[in-house]
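I set down here what I looked up in this structure, in the order in which I looked.

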Amino acid sequence: MVRLDTNTLLNSCFRNSSQLSSVHPLFLANLRYPHQESIRVPLIIKDPRMSREFIGTTNDQFTLNIDLAATILSAAGLEPLPSMMGRDMSVLYRKNFGMHGATAQSRRTSHSTAGRQFLDPASDGEGKYHSGTETKWRTEFFYEHPMHSNPSYIPASEALVRKDYKYFYWPNFKYEQLFDIKNDPGELNDLFNSTNPVHKAKLEDMRKRFLELKMLAHSDLSIVL
């Protein structure tokens with residue numbers, strides 16, 4: 001018998017409005033650009049396995065649409081396919097699993113990577129930036145949206161997203177941008193042409209990592225992103 005309160009996993013992912021041009025002055029194509037107002041989509045999870053201390057709380061970890069299938073499969077006791085790059089989100093809200101001090105044995109039980117490999121961390125940040133490990137959730141991710149109709153209408157956009165900086169790349173125009181989203185959450189001050197050595201180094205580091213993750217995301221490797 002299906003009971004929503006005791007044995008059913010509910011994932012609700014909402015459209016975050018198509019009227020964002022009134023929120024962000026650079027937003028002219030609603031949900032198709034890599035600005036924060038576009039890529040931050042509300043997600044609500046109701047899971048009977050959720051540890052009591054996480055019920056009714058929020059979490060600011062980077063969860064992605066590629067994690068939805070892995071989470072549902074795990075709840076059903078199934079392994080993700082080798083070609084899947086997402087991971088089980090339940091490790092973020094189940095106290096004795098994965099991200100909350102579980103033993104190596106219980107981690108393998110709760111979140112098997114099914115032969116998929118975790119990536120090495122980025123060369124910058126001394127291990128701070130990574131796509132996840134056996135015991136840590138991702139702190140960066142590669143984003144992409146294809147061109148719609150033609151470049152003059154909605155061009156393709158790509159990005160490397162972190163919680164402190166974001167690197168944009170517009171492939172139709174070979175145009176780059178860099179934003180310090182910690183100090184400029186509205187992404188209004190493009191730092192691409194900044195002469196500040198910190199910004200110049202950050203641009204080089206993020207451009208390099210962006211290309212690494214883009215290549216891996218488009219590969220046939222069995223990896224976790």
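**Overall architecture**

The model is a predicted one. I recorded four helices and eight strands as the secondary structure of the protein.

I then turned to burial and surface. Of the 225 residues in the protein, 40% are buried. The protein exposes about 12600 Å², and I noted that carbon and sulfur atoms supply 55% of this area.

For contacts, I took the pairs of residues at least 6 apart in sequence; 55% of these contacts join residues at least 24 apart.

**Helix α2**

I looked up which residues of helix α2, residues 66-75, are buried, and found Asp67, Ala70, Thr71 and Ser74. These residues cover an arc of only 100 degrees around the axis, so they lie on the same side of α2. I also checked what comes after the helix: α2 is followed by Gly77, whose phi is positive, near 80 degrees.

**Phe210**

I located Phe210 in helix α4, which comprises residues 197-217.

I next listed the contacts of Phe210, leaving aside its neighbours within four places in sequence: they are Phe142, Glu158, Ala159, Leu160, Tyr167 and Tyr169. For one of these, Ala159, I looked up the separation from Phe210: the two are 51 residues apart in sequence, and 7.2 Å apart in space from C-alpha to C-alpha.

Notes. Residues numbered from 1 in each chain as written. Predicted model: local features only at pLDDT ≥ 70, side-chain atom pairs only at ≥ 80, totals over all residues. Heavy atoms only, no water. Helix = DSSP H or I, 4+ residues; strand = E, 2+ residues; numbered from the N terminus. Contact = heavy atoms within 4.5 Å. Buried < 20%, exposed > 50% of the residue type's maximum accessible area, 1.4 Å probe, protein only. Areas by Shrake-Rupley, 256 points an atom, 1.4 Å probe, with all protein chains shown as cover. Arc of directions from axis to C-beta.
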